[in-house]
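Please look over the sequence and the structure shown below before reading on.

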Amino acid sequence: MDDNKKNTELSDNVPVPVDGVAETPIESLPANDGGTQSVTAVDGGNLPAGTAEYKEYYSEQSPDESMRGGYASVKGKPVGRYENKTVWIVLAVMVVMCIAVGICSSVLTGHFMRKGEKPPVINTGNDVQQNITAVVTARKSSIAEVRCGGLTASGIVMKREGENITVLTNAHAIAQYVNGGILPAVRFYGEDGYFQADVVGYDGHYDVAVLNVVHDTVYTVYDLDGSKYFSPDLEYSEGDYVVSIGNAMGMGIAAYDGIISKKSELLECDELFGADGKKHVPVVRTTAVINAGMSGGGVFDMQGNLVGLGTYRMSNSVGVDKDGGATTDVEDTGFAVPVSVLYPIYKRILAENSGGATALARVTAKPSNTSAVGWLGLPFGFNCEYRLGKLTVVSLDQASPSKNVEEGDIITKIGAIEIGDDICRAIGAILCYKPRGLGNILRITLLRTGGESYAVNIDGYNYAV
């Protein structure tokens with residue numbers, strides 16, 4: 001690891017966004033007079049100036065079957081042989097024109113309105129090795145390589161609309177776009193060239209970004225977005241087998257297997273894009289490798305469901321101040337933005353399509369000396385922490401939405417989302433809502449000591465995903 005990388009201490013362990021690696025310069029990518037800025041703890045690589053390489057692939061489409069004409073019944077004076085011949089000529093010309101229009105329409109529709117296909121069903125059984133093979137085979141073409149300035153990372157191909165392809169990645173992977181205006185570029189699985197991408201938007205706090213690429217891919221694009229394989233309600237447990245797929249070490253798409261070692265926790269790391277200070281973000285921990293270049297890649301379960309966005313790895317700083325000491329990666333320890341948090345952020349970025357930072361409802365998360373899970377400051381006027389696995393109100397402020405809320409009350413639902421012992425899901429539920437002024441209501445359901453359930457209405461919040 002580069003000595004200039006900025007590591008964050010968490011006891012003796014420091015989580016950092018996955019590093020990148022240097023790549024062979026690509027002469028075809030665009031220059032940017034704004035220059036580049038080095039940002040701590042992001043993927044590395046080189047992306048020289050130039051013009052993005054564009055390739056177009058057209059698939060031939062067989063013409064429609066010939067159309068059959070019918071007879072017309074006309075009352076009145078009988079027509080002669082010449083008149084009958086004229087009618088048939090006119091009909092024949094019309095049939096030929098209809099066929100030509102149909103073929104042209106089909107070709108144009110197929111080219112300009114091409115859609116992604118539904119992801120294939122993965123047949124799972126008791127053989128873990130066969131399941132891993134099936135998941136890698138089905139999902140590797142949904143992973144792309146991402147470059148931005150000198151940074152190398154990964155992306156997940158989410159959907160196709162015509163020739164517009166949506167790619168999900170980490171915000172730190174496009175740091176040189178945020179700081180210097182350099183556009184990223186994407187290379188799809190099985191292809192040779194990189195294609196310039198536009199930034200749909202990003203969120204630096206949770207480290208999520210969305211790109212759009214205009215390109216006709218060689219391999220089929222499967223619409224994870226809109227399928228059952230991309231759902232904020234996904235259930236998973238510690239010990240479940242998973243596969244991480246990404247641009248490992250900048251050497252191309254590769255896969256690694258492992259398990260979910262912790263399904264929900266808060267991770268301390270650096271703020272992005274030059275901001276000072278630390279933050280705590282919700283993550284799922286896995287033993288599936290997330291190494292240099294794999295930021296923005298996918299972590300999938302054995303059914304092919306997207307569990308999370310590979311984002312961080314852990315570095316050990318023990319011994320760095322001693323003779324011969326060096327920072328080393330902690331083996332079998334990677335972290336992903338869980339789908340329960342990823343889903344609402346992704347949808348909000350798509351909806352705003354601003355090309356910049358997306359405004360989300362901010363939730364303050366941090367460890368607590370009195371909670372094994374953590375503390376949450378909600379934007380509704382009261383603060384909570386997990387006590388015995390339940391999200392419990394611990395303090396109120398002057399902006400409290402209702403005098404009915406009391407310390408010790410337990411939040412059971414945010415909107416329609418059940419809140420259990422998963423702190424990631426609680427944060428994701430809040431991110432589904434956006435402040436939009438009066439007239440929109442978010443309902444929080446609470447449980448009072450003794451078993452009485454009641455609801456509090458929060459004005460000005462609208463369900464936004």
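How many cavities of 30 Å³ or more does the count come to?

## Cavities

In this predicted model, the count comes to 2 cavities of 30 Å³ or more. The largest cavity has a volume of about 50 Å³, and its lining is made up of Ser141, Val157, Phe188, Tyr189, Thr217, Tyr219, Thr220 and Val221.

## Overall build

The protein chain contains 5 helices and 23 strands.

Where contacts with a separation of 6 or more are considered, residues 24 or more positions apart account for 65% of them in the protein chain.

Val87, Trp88, Val90, Leu91 and Met94 together make a nonpolar surface patch of about 450 Å². One of these residues, Leu91, has its place in helix H1, which covers residues 81-112.

Is Leu91 buried or partly exposed? Leu91 counts as partly exposed because its relative accessibility is 32%, a value that also meets the requirement of over 30% relative accessible area for residues that make up a patch.

Most residues other than glycine have a negative phi.

Met249, although it is not a glycine, has a positive phi of about 60°. The place of Met249 is in the loop that lies between strand E8 (241-247) and strand E9 (253-270), and with a relative accessible area of 37% Met249 is partly exposed.

Leu388 likewise is not a glycine, and has a positive phi of about 55°. Leu388 is found in the loop between strand E16 (382-387) and strand E17 (390-396). Which term, buried or exposed, applies to Leu388? Because its relative accessibility is 87%, Leu388 counts as exposed, the cut-off for that term being over 50% relative accessible area.

How values were computed: Residues numbered from 1 in each chain as written. Predicted model: local features only at pLDDT ≥ 70, side-chain atom pairs only at ≥ 80, totals over all residues. Heavy atoms only, no water. Patch = residues over 30% accessible without salt bridge, like charges linked within 9 Å, V, L, I, M, F, W, Y side chains within 5 Å. Areas by Shrake-Rupley, 256 points an atom, 1.4 Å probe, with all protein chains shown as cover. Salt bridge = Lys/Arg side-chain N within 4 Å of Asp/Glu carboxyl O. Helix = DSSP H or I, 4+ residues; strand = E, 2+ residues; numbered from the N terminus. Buried < 20%, exposed > 50% of the residue type's maximum accessible area, 1.4 Å probe, protein only. Contact = heavy atoms within 4.5 Å. 1 Å grid on protein atoms, 1.4 Å probe; cavity = no way out; pocket = protein on both sides within 12 Å on 5 of 7 lines; lining within 4 Å. Points joined across faces, edges and corners; volume = space filled by probe spheres on them.
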